[in-house]
Amino acid sequence: MLLDTRFNQSPCKPAPAWAADIPVAPDAELWVFAYGSLMWNPGFPYLEHHMAVLRGYHRRFCVASHRYRGTPERPGLVLGLDRGGSCRGMAFRVAAEHAAATLDYLWEREMINRTYRPRLLPVHLGCGRRVADACTFVVDREHSQYCPCLDEAEMVERIACCAGERGPNVEYLTNTVEHLEQLGIHDARLAALLHAVKRRAA
């Protein structure tokens with residue numbers, strides 16, 4: 001889908017913050033791919049949702065949290081979509097009349113520190129159809145909060161010991177694993193990480 005040039009024609013109405021990354025025409029529907037809390041708490045209206053698979057990226061604790069699940073002195077870890085493998089998640093179809101407002105909302109929610117790079121990526125739905133243009137937030141590997149080289153021991157230590165404004169880091173991991181299981185998604189890496197964190201805490 002091509003960006004409608006009307007976004008840039010009025011000097012009184014600048015282009016939306018998301019327009020350069022997610023070029024969606026005003027009369028087009030929007031698909032959004034969710035891999036974490038957006039799956040069970042999307043916060044935007046949608047017409048339908050399906051289990052979906054994104055190929056080429058996987059769910060990983062690779063983003064340092066200096067506020068919500070940690071502090072600048074003791075940063076916690078939160079999820080990002082990093083390169084390699086595949087990720088089972090959820091795809092939401094948003095009506096055209098709600099697409100712009102949904103993108104505004106997602107930018108406020110996901111792009112505060114620009115730790116993610118929004119992209120349109122193909123996701124495969126559980127019903128066998130293919131969605132060519134799903135808005136997806138992948139980790140920005142150039143961002144200072146990207147943590148590419150943490151081994152399991154370092155992840156366990158940080159998640160077990162760090163806390164921020166929204167509570168302990170381990171609570172974030174526990175909620176993620178539990179919600180994924182409720183949706184029928186077993187993420188073996190995260191389940192093993194949670195088991196190791198609980199062992200460390202004990």
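**Strands, rings and helix ends**

Author: Leu-30, Val-32 and Ala-34 point one way from strand E1, Trp-31 and Phe-33 point the other way, and all are buried. Buried means under 20% relative accessible area, exposed means over 50%, and partly exposed is in between, with a 1.4 Å probe and protein chains only. Strands (E, at least two residues) and helices (H or I, at least four) are DSSP runs, numbered from the N terminus. This is a predicted model, where local features need pLDDT of at least 70 and side-chain atom pairs count only at pLDDT 80 or more, while totals for chains, interfaces and linings use all residues. Residues are numbered from 1 along each chain as its sequence is written, and side-chain values use heavy atoms, with hydrogens and water left out.

Reader: Which strand is E1 joined to, and how do the two run?

Author: Five bridges join E1 to E3, and the two run antiparallel. Two strands pair if DSSP finds at least two bridges between them. Val-32 has Phe-92 in E3 as its bridge partner.

Reader: Is Phe-92 buried or exposed?

Author: Phe-92 is buried, at 1% relative accessibility.

Reader: Rings next. How many aromatic pairs are there?

Author: The count comes to five aromatic pairs. Rings of Phe, Tyr and Trp (its six-membered ring) pair if their centres lie within 6.5 Å; planes under 30 degrees apart are stacked, over 60 edge-to-face, and the rest tilted. In one of them, Phe-44 and Tyr-46 have ring centres 6.4 Å apart and planes at 75°, so the pair is edge-to-face. The rings of Phe-44 and Phe-92 have centres 5.6 Å apart and planes at 80°, so this pair is edge-to-face.

Reader: Where do Phe-44 and Phe-92 lie?

Author: Phe-44 lies in the loop between strand E1 (30-34) and strand E2 (48-65), and Phe-92 in strand E3 (residues 76-94), so the pair ties together parts that are 48 residues apart in sequence. Phe-44, Tyr-46 and Phe-92 form one aromatic cluster. Phe-44 is buried, at 7% relative accessible area, whereas Tyr-46 is partly exposed, at 36%.

Reader: Changing topic. What caps the N-terminal end of H2?

Author: Asp-151 does, with a side-chain oxygen 3.2 Å from the backbone nitrogen of Ala-153. A polar contact is a pair of N or O atoms within 3.5 Å; within protein, one must be able to donate a hydrogen and the other to accept it, and residues adjacent in sequence count only if both atoms are side-chain atoms.

Reader: And which residues of H2 are buried?

Author: In helix H2 (residues 152-161), Met-155, Val-156, Arg-158 and Ile-159 are buried. What covers the buried residues of H2 includes E2, E3, H3 and H4. Contact here means heavy atoms within 4.5 Å.

Reader: What about Asp-187, where is that?

Author: Asp-187 is in the loop between helix H3 (169-182) and helix H4 (188-201). Asp-187 is buried, with a relative accessible area of 12%. Its side chain reaches the backbone nitrogen of Arg-189 at 3.2 Å and the backbone nitrogen of Leu-190 at 3.1 Å.

Reader: Leaving aside its neighbours within four places in sequence, what is Asp-187 in contact with?

Author: Arg-59 and Leu-180 are in contact with Asp-187.
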